[in-house]
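Please find below my notes on the model you sent.

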Amino acid sequence: MADNSQYNSPLKATLTGISNLFKKRDRVGVLSDKDRLDGKRILITGASSGLGLATAKEMARLGGEIIMAVRSGIPEKGEEVREFSGSVKVHMIQMDLTDLNSVDLLVDQIKERFGKLDIVVCNAAVVAKKARKTKQGLEEMFQVNYLANYYLLRKLWDSEMINFHDSTPRIVIVNSESHRDAKQFDWDHFGEFRPHSIGKTVELYGYYKLLL
């Protein structure tokens with residue numbers, strides 16, 4: 001049975017992360033030049049750094065038209081993706097998941113400028129040192145790591161922005177092993193803002209990833 005307590009504190013999570021760096025892991029798969037994405041329009045959130053940026057580079061290299069939804073990094077990160085991939089089909093739109101109104105604007109811009117999406121990669125996430133309220137009055141990690149992702153996908157669905165006619169669409173949600181530590185869903189206090197410090201951050205991060 002897996003040890004589900006390895007992410008329930010910042011210290012344990014850090015040690016687990018370091019340990020995992022040295023573990024031999026089997027690859028789930030390897031992208032090759034045969035895995036072309038020509039003609040596919042792809043939205044990637046949190047695409048200005050880390051895994052999101054790497055995903056944007058590889059998908060652009062394989063021929064996809066990339067829409068980078070980011071809070072910062074405009075235009076330099078888009079230029080980095082273009083230079084790496086050799087593709088000019090790389091676009092950037094400013095979006096902040098701490099404000100659901102920003103998600104509305106993102107969907108409106110995509111609909112006006114680009115049309116339907118073939119692939120959506122929900123990658124953006126945040127790890128906060130303490131509880132902070134969003135413009136909607138919700139806890140920041142709850143909104144960014146869970147609710148805004150659901151809200152974005154629902155908006156795209158309701159706006160008929162997912163391409164079901166010309167291709168088989170793909171929705172990819174980037175998650176975390178820390179979701180395994182969450183014990184249960186807290187329906188009694190679902191979405192309720194409650195102050196917390198760094199000591200609770202890792203536990204809550206895992207819980208919100210479980211919700212996602």
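1. What share of the contacts in the protein chain with a separation of 6 or more comes from residues 24 or more positions apart? Such residues account for 70% of those contacts, where contact means heavy atoms within 4.5 Å.

2. On the source: this is a predicted model, in which local features need pLDDT of at least 70, side-chain atom pairs count only at pLDDT 80 or more, and totals for chains, interfaces and linings use all residues. Residues are numbered from 1 along each chain as its sequence is written, and side-chain values use heavy atoms, with hydrogens and water left out.

3. The protein chain has six helices and five strands. Along the sequence they follow the pattern α-β-α-β-α-β-α-β-α-β-α. Helices (H or I, at least four residues) and strands (E, at least two) are DSSP runs, numbered from the N terminus.

4. Of the 212 residues in the protein chain, 46% are buried. Buried here means under 20% relative accessible area, exposed means over 50%, and partly exposed is in between, with a 1.4 Å probe and protein chains only. The accessible surface of the protein chain is about 12300 Å², and 52% of that belongs to carbon and sulfur atoms. Areas come from the Shrake-Rupley method with a 1.4 Å probe; for residues, only the protein chains shown count as cover.

5. Helix α4 (residues 100-113) and helix α5 (residues 140-158) have axes that come within 10 Å and cross at roughly 35°. From α4 the contact uses Leu 100, Val 103, Asp 104, Leu 106 and Val 107, while α5 supplies Gln 143, Leu 147, Ala 148, Tyr 151, Leu 152, Lys 155 and Leu 156. The axes are lines fitted to C-alpha atoms, for helices over the stretch in contact, and angles run from 0 to 180 degrees between N-to-C directions. The crossing is right-handed, that is, the near helix is turned clockwise from the far one by less than a right angle.

6. Leu 31 sits in the loop between α1 (10-21) and β1 (41-45). Setting aside neighbours within four places in sequence, Leu 31 is in contact with Glu 58 and Leu 62. The C-alpha atoms of Leu 31 and Leu 62 are 9.0 Å apart, although 31 residues separate the two in sequence.

7. There are eleven salt bridges in the structure, each a side-chain nitrogen of Lys or Arg within 4 Å of a carboxyl oxygen of Asp or Glu. Side chains of opposite charge can pair when their charged atoms come close. One of the salt bridges is between Arg 41 and Glu 65, with the closest N and O atoms 3.3 Å apart. This pair links distant parts of the chain, since Arg 41 is in strand β1 and Glu 65 in strand β2 (residues 65-70), 24 residues apart. Glu 65 is buried, at 17% relative accessible area.

8. Where do the partners Glu 80 and Lys 57 lie? Their salt bridge has its closest N and O atoms 2.7 Å apart. The pair again links distant parts of the chain: Glu 80 belongs to helix α3 (residues 76-85) and Lys 57 to helix α2 (residues 50-61), 23 residues apart. Glu 80 is partly exposed at 29% relative accessibility, whereas Lys 57 is buried at 17%.

9. Within helix α6, Lys 200 forms a salt bridge with Glu 203, the closest N and O atoms being 3.3 Å apart. The two residues are separated by about one helical turn because they are three residues apart in that helix. Lys 200 is partly exposed, with a relative accessible area of 36%, and so is Glu 203, with 34%. Elsewhere, salt bridges that share partners join Lys 57, Lys 77 and Glu 80 into one network.

10. Two backbone features should be noted. Most residues other than glycine have a negative phi, and most peptide bonds are trans. The peptide bond joining Ile 74 and Pro 75 is cis, with omega about 5°, and Pro 75 is in the loop between β2 and α3. Glu 160 has a positive phi, near 55°. Glu 160 lies in the loop between α5 and β5 and is exposed, with a relative accessible area of 58%.
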